[in-house]
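Here is a short report on one protein chain. Keep the sequence and the 3D view open while you read.

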Amino acid sequence: MRSEAEMMQLFLRIANADDRILAVYMNGSRTNPNVEKDIFQDYDIVFVVTKTSPFILESREPERSWIGQFGNILYMQYPDEHPDFPSDKENFYGWLIQFDDGNRVDLHVESVNHAKEHIRDDKLCKILLDKEKILPEIPKSTDEDYHIKKPSKAQFFACANEFWWCSNNLAKGLWRKEMPYVQDMANFIVRKQLEKMLSWKVGIKTGFCVSVGKSAKYLYKWLEKEEYQNYLNTYFGGKIEEAWEAVFLMCDLFSSTARYVAENLGYSYHVEEEKAAESFLKTVRILPEDAEDISIILD
C-alpha cells in the first residue's frame, strides 16, 4: 500500500507535469486534525484546471489514460454520470477510485471560476499547489462547521416530538410483521432523533466544540461505556421480539438523554407525550394478531 507521502508526491508530480492543471487542493478527513488516521482514509483531491472536458474524455473506457496515472484501478464509480442526479460537468467532475494497493482516491477536476467561488464552502480544505496564485487565501483547515450546535427550544421540542410520534409507526409495523418498513422507520427516522439528542448531550459535556462525525460514529468518545453499549444494543435484526426489545431500549435511552439535555439547557420536556407514546407501544406489543380494535392501556 502506497504511503501518504507517496500519494501526495504523486498528486503533485502529475499536477506539475500538466500545464492544464493550475492548482490542487485537498479536503475531507485527511485535512481534519481531530480525526485519527487509518488505512481506510481516502484522499479527497481536486485539480483546478483550464477546462474539465479534456480530462473527462481522456478518462473514458478503455484507455483511462489520465486517471490511469494514479495507479492500478481495482474498480470505480462515475457519480456525475448517474442518470438520476444532476451534474455540472463543465465546472466540476469526479471519479471515485479504489486502487488495487488498498488506497482510495475521490478525484475531481474543477474549473477556475468554480473553484474561486466554492473553495471556501468547506473549511476542511488545504491548498497543496497553486501555480499561478489563482486561488483565494483560505484559513487553516478546521472541522468547526461540523461541531454540534446548541439546539433552540423549538429544535429540542421538534426532536422529541418526532421521536415519540414516529414510535407509533414502529408499533404498527411490528404488529403487521412488516420488518423492512420497521427497519427503515427505525434507522432513518426514529434513530436520527436519538442520535441528535445524544449529540446534544455530548455538546453539553464538551461545550459544543466537537463533532460526533457522520452517522454519529464518534459518540463512543464522550458517552459512558455502558451508555454507548446501550445505544449499540438498539440495533436489531429480523426477529420481531428482538425488535420490540430494541425499541423499548431506544425509548429508555431517549428519555434519559432528553431529560438530561432539558435540565442542562433549561428547557421543558413533555413527559406526558413520552408516557402516552409508551402506552401506545405497550398496548400494541400485546395486541392479538386478529385484533379488530385498539384500546390503549394507560399506566
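Arg20 is partly exposed, with a relative accessible area of 26%. Buried means under 20% relative accessible area, exposed over 50% and partly exposed in between, with a 1.4 Å probe and protein chains only. This is a predicted model: local features need pLDDT of at least 70, side-chain atom pairs count only at pLDDT 80 or more, and totals for chains, interfaces and linings use all residues. Residues are numbered from 1 along each chain as its sequence is written, and side-chain values use heavy atoms, with hydrogens and water left out.

**Salt bridges**

Arg20 has a charged partner: its side chain meets that of Glu58 in a salt bridge, 2.7 Å from N to O. The pair links distant parts of the chain, 38 residues apart, with Arg20 in the loop between helix 1 and strand 1 (21–27) and Glu58 in helix 2 (residues 53–58). Glu58 is also partly exposed, at 27%. Helices (H or I, at least four residues) and strands (E, at least two) are DSSP runs, numbered from the N terminus.

A salt bridge here is a side-chain nitrogen of Lys or Arg within 4 Å of a carboxyl oxygen of Asp or Glu. By this rule the count comes to 17. Three of them are set out below.

| Salt bridge | N to O distance |
|---|---|
| Asp101 and Arg2 | 2.6 Å |
| Arg20 and Glu58 | 2.7 Å |
| Arg176 and Glu178 | 4.0 Å |

Asp101 and Arg2 meet at 2.6 Å. Asp101 sits in the loop between strand 4 (92–99) and strand 5 (104–111), and Arg2 in the segment before helix 1 (4–16), so the pair ties together parts that are 99 residues apart in sequence. Arg2 is partly exposed, at 23% relative accessibility.

In the Arg176 and Glu178 bridge, Arg176 is partly exposed at 46%. Glu178 is partly exposed as well, with 33%. Salt bridges that share partners also join Glu4, Arg30 and Lys37 into one network.

Asp44 lies in strand 2 (residues 43–49). Leaving aside neighbours within four places in sequence, Asp44 is in contact (heavy atoms within 4.5 Å) with Tyr25, Met26, Asn27, Gly28, Ser29 and Asp106.

**Nonpolar cores**

In soluble globular proteins, nonpolar side chains tend to be buried together. A nonpolar core is a set of buried Ala, Val, Leu, Ile, Met, Phe, Trp, Tyr and Cys residues joined through side-chain atoms within 4.5 Å. The largest one holds 46 residues, of which Phe156, Phe163, Leu194, Met197, Leu219, Phe254 and Tyr269 touch the most other members. Helix 4 (153–176), helix 5, helix 6, helix 7 and helix 8 (271–285) each give two or more residues to this core. Helix 7 supplies the largest share, 13 residues.

Phe163 touches Val190, Gln193, Leu194, Met250, Cys251 and Phe254, not counting residues up to four places away in sequence. A second, separate core of 27 residues includes Ala15, Phe70, Tyr93 and Leu107.

Helix 6 covers residues 225–232, and Glu227, Tyr228 and Tyr231 are buried in it. Seen down the helix axis, these buried residues fall within an arc of 95 degrees, so they line one face of helix 6. The arc is that of the directions from the helix axis to the C-beta atoms. On the other side, Lys225 and Glu226 are exposed. The cover over the buried residues includes helix 5 (179–206) and helix 7 (240–265).

Trp244 has its place in helix 7. It is buried, with a relative accessible area of 3%. Trp244 touches Ala171, Leu174, Leu281, Val284 and Arg285, again not counting residues up to four places away in sequence.

**Aromatic pairs**

Rings of Phe, Tyr and Trp (its six-membered ring) pair if their centres lie within 6.5 Å; planes under 30 degrees apart count as stacked, over 60 as edge-to-face and the rest as tilted. The structure holds 17 aromatic pairs. One of them, Tyr231 and Tyr235, is edge-to-face, with 5.9 Å centre to centre and 80 degrees between the planes. Tyr231 is buried at 3% relative accessibility, whereas Tyr235 is partly exposed at 40%. Phe11, Tyr43, Phe47, Phe55, Trp66, Phe70, Tyr93 and Trp95 form one aromatic cluster.
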